[in-house]
Amino acid sequence: MASLSCSADQLAPFLGPNTTNAAAAAEYICNQFTAVSDRFTDTGYAIDTTYLLFSAYLVFSMQLGFAMLCAGSVRAKNTMNIMLTNVLDAAAGGLFYYLFGFAFAFGGPSNGFIGKHFFGLKQIPSSSFDYSNFLYQWAFAIAAAGITSGSIAERTQFVAYLIYSSFLTGFVYPVVSHWFWSADGWASASNTGNLLFGSGVIDFAGSGVVHMVGGIAGLYGALVEGPRIGRFDRTGRSVALRGHSASLVVLGTFLLWFGWYGFNPGSFNKIFVTYNVGNQPYYGQWSAVGRTAVTTTLAGCTAALTTLFGKRILSGHWNVTDVCNGLLGGFAAITSGCSVVEPWAAIICGFVAALVLIGCNMLAEKVKFDDPLEAAQLHGGCGAWGVIFTALFAAEKYVNEVYPIPGKSTRPYGLFMGGGGRLLAAHVIQVLVILGWVSATMGPLFFILHKLKLLRISAEDETAGMDMTRHGGFAYVYHDEEDSNKNSIPMRKIEPAGSN
């Protein structure tokens, strides 16, 4: 928004020679204009802060979605355990992100690798960050930790959750977000003074930063632990260990869908920004926010339908759990480019994301990889596709609006949109460095926990269920299918009286 300015020296001549004390009158009028201008500035800050806080609340509500999705995807005997780990992710993540994470991610000025200011939120608020920025970024950090918890569900010790969640939210994730989101990051699109390949990485809301980090961490956790007991039989054939509640899975999916409207559109951080495009006063960042919500919706819907029919062809069933996972895979993929692609491109993103998820699941089954929530395949695989998709379909107009470079009219954009290959090169680098960084940090952590016998529970506890052996009782009274069949009362048909 253009600033208002007023000078008494400039205004006084317009008051005319007959005006008594024209200078004093001009100064009074200018003071009133300055006061109005200050109020507009204050209003702008208030609008943007309110928008970011509301978005943070939406992203935080995704924790409830993760909890419901995880609970429905595991067997009933482990419900309390998985619910507790979701609470733990938020609680431990909040403390460690406050102490270290936010500083490592956004503590500038700093070097390109890691931040070095704002530990414990010292020097906040500042001209760059307010408390609302911390809250919003914390909600993102615990989302990454929540992804990982799904991959290692039903067989992991409680202490291992505490250790990995604190390490992921306090160090591993913040360093990655510094690289790609901080103004000082070596690959950030906001580091206009030193852009990688003259482009930087456009990972708007975190297909790579959030979803790949969480998914790859979960991949290593599940690989080190090995599959759950009974997941594969003695011949190596896959045995389905289905979750106990499709209702909770659907509820969790809808809550995540709702929260994604804070995750993606909220990543603008501000809404009260004009773009000054010709005679279009109605067009500004508020329009980009709306477009981002639309692309997010279309990608998820397309992925859900593609998964529905794809799994029907492969398995012969209309499976609601598969559709929910496909929907979330579409969301994870579009998260990177949601602000810089056309709505029609989002449909392509969702379609391919569903195929990626189906392919990753088939590969996982082939190599006997067990992930109860398909988190590594969904967030890792679809997240990587989303990073590459953005480099192919980012539109020139939207890239220049969302990521302007001072003194330049354009910057590299999508390869398929005529923007050359520099953005694609930057995004390939992003995929590789995230894979390398998470492998070098989370892989050894899980291996050390395994060697110290702090990672996996005993076979007896796993068979009995962690709710009873570790948490003092079941989440609710229930009967397994085997028990129901043993104790069931056979029913017979009773003919109406006098039917003869």
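Where is Glu154 found? Glu154 lies in the loop between helix 4 and helix 5, the latter spanning residues 158-181. The structure described here is a predicted model.

**Backbone angles in the loops**

Most residues other than glycine have a negative phi, and most peptide bonds are trans. A few places in this model depart from that pattern, and they are taken in turn below.

Glu154 is not a glycine, yet its phi is positive, at about 75°. Its relative accessible area is 1%, so Glu154 counts as buried, the cut-off being under 20%.

Asn269 also has a positive phi, near 70°, and is a residue other than glycine. Asn269 sits in the loop between helix 7 (246-263) and helix 8 (285-315). With a relative accessible area of 28%, Asn269 is partly exposed, because that class covers values between 20% and 50%.

| Residue | Phi | Relative accessible area |
|---|---|---|
| Glu154 | about 75° | 1% |
| Asn269 | near 70° | 28% |

One runs from Gly108 to Pro109, with omega near 0°. The other joins Ile124 and Pro125, with omega about 5°. Pro109 is placed in the loop between helix 3 (79-106) and helix 4 (131-151), and Pro125 is in the loop between helix 3 and helix 4 as well.

**Helix 9 and helix 11**

Two packed helices are described by the angle between their axes and the distance between the axes. For helix 9 and helix 11 (residues 375-393), the axes come within 7 Å and cross at roughly 40°. Angles under 35 degrees would count as roughly parallel, and 65 to 115 as roughly perpendicular; helix 9 and helix 11 are therefore oblique to each other. Their crossing is right-handed.

Which residues of helix 9 and helix 11 make the contact? On the helix 9 side they are Asn325, Leu328, Gly329, Ala332, Ala333 and Ile334. Helix 11 contributes Leu378, His379, Cys382, Gly383, Trp385, Gly386 and Phe389. Sorted by class, the contact has eight nonpolar residues, five polar ones and no charged ones.

**Asn325**

Asn325 belongs to helix 9, which covers residues 320-334. Is Asn325 buried or exposed? Its relative accessibility is 7%, so Asn325 counts as buried. Leaving aside neighbours within four places in sequence, Asn325 is in contact with Leu357, Leu373, Glu374 and Leu378.

Conventions. Residues numbered from 1 in each chain as written. Predicted model: local features only at pLDDT ≥ 70, side-chain atom pairs only at ≥ 80, totals over all residues. Heavy atoms only, no water. Helix = DSSP H or I, 4+ residues; strand = E, 2+ residues; numbered from the N terminus. Buried < 20%, exposed > 50% of the residue type's maximum accessible area, 1.4 Å probe, protein only. Contact = heavy atoms within 4.5 Å. Axes fitted to C-alpha atoms, helices over the stretch in contact; angles between N-to-C directions. Parallel < 35°, antiparallel > 145°, perpendicular 65-115°, else oblique. Left-handed = near helix turned anticlockwise from the far one by under 90°. Nonpolar A, V, L, I, M, F, W, Y, C, P; charged D, E, K, R; others polar.
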